[in-house]
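Welcome, and please take a moment to look over the sequence and the model below. We will walk through a few places together.

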Amino acid sequence: MAQTDEDLMSGVRQGDLRALGPLFERHHVHLFNFLLRLTGDRAHSEDLVQDVFFRILRYRQTYRDGTSFTTWMYQIARNARVDALRKKRPEVGVELETLSPADARPTPADRAESTQQEELLRRSMSLLPEEKRELLVLSRYQNLPHDQIAELLHCEVSTVKVRVFRAVQELKKIYQGLLSEHKRTGRGAWAVADEGHGNAV
């Protein structure tokens, strides 16, 4: 029977450093996606993943039995990202993976529309306040349960639910605004969003 994350982390804390390997294999992809959707920078996200697991090893004695390893790991990831932001603030550009059925065989028009929607969603996410963007990444992309998010953010579960709802509503509002402007002008989402700033691409 496979050991739980918590059992493995307890082993790491007690000196069984080999137990860190299975934890890395189980979580490094999810952790990378979490950081990538916040930073938009693959190389930076890869560096942060390495930093997070280094910190897990370095601060292993602070892990407490009964604590969700996933929640503890994401807290370390948030701290690592904040520390990195103090040194360098990367441009936010949330990357979204496109998963299409193999037999869908999209037409060129379908692909163009899908690309436009992804671009609009990416830009909408980047325009959200950082705390709301992080909340949506945790709840909608990482599928972290509300109780774990509440523990991570040090608030009540009911508060998390309200914040997620408000973040979704704000994201929809931003998305619809960009979409309406795009339809009106016929230009790309980036050009619309950056109008007046000389940054259209």
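Where is the place of His154? His154 sits in the loop between H7 and helix H8 (157–185). Before going on, a word about what you are looking at: this is a predicted model, in which local features need pLDDT of at least 70 and side-chain atom pairs count only at pLDDT 80 or more, while totals for chains, interfaces and linings use all residues. Residues are numbered from 1 along each chain as its sequence is written, and side-chain values use heavy atoms, with hydrogens and water left out.

Now for the overall picture. The chain has nine helices and zero strands; both kinds of element are DSSP runs numbered from the N terminus, with helices (H or I) needing at least four residues and strands (E) at least two. Of the 201 residues in the chain, 42% are buried. Here buried means under 20% relative accessible area, exposed means over 50%, and partly exposed is in between, using a 1.4 Å probe and protein chains only.

Let us follow the chain into helix H6 (130–141). Pro129 lies in the loop between helix H5 (108–127) and H6, and it counts as partly exposed because its relative accessibility is 29%. Pro129 is 41 residues from Glu170 in sequence, yet their C-alpha atoms are 9.7 Å apart in space. How long should H6 be? Its 12 residues should span 16 Å at 1.5 Å a residue, and this agrees with the 15 Å between its end C-alpha atoms; the expected span is 1.5 Å times one less than the number of residues. Several residues of H6 are buried, including Arg133, Leu136 and Val137.

H6 has a partner in helix H7 (residues 146–153): their axes come within 10 Å and cross at roughly 145 degrees. Such axes are lines fitted to C-alpha atoms, for helices over the stretch in contact, with angles from 0 to 180 degrees between N-to-C directions. Which residues meet there? From H6 come Glu134, Leu135, Leu138 and Ser139, and from H7 come Ile149, Leu152 and Leu153.

Asn143, in the loop between H6 and H7, is a residue other than glycine with a positive phi, near 55 degrees. Asn143 is exposed, as its relative accessible area is 57%.

Finally, turn to the aromatic rings. The structure holds four aromatic pairs; rings of Phe, Tyr and Trp (its six-membered ring) pair if their centres lie within 6.5 Å, and planes under 30 degrees apart count as stacked, over 60 as edge-to-face and the rest as tilted. Phe24 and Phe53 form an edge-to-face pair, 5.0 Å centre to centre with 70 degrees between the planes. Since Phe24 lies in helix H2 (residues 20–39) and Phe53 in helix H3 (residues 42–58), the pair ties together parts that are 29 residues apart in sequence. Phe24 is partly exposed at 24% relative accessibility, whereas Phe53 is buried at 6%. Tyr63, Phe69 and Trp72 form one aromatic cluster.

Note on methods. Contact means heavy atoms within 4.5 Å.
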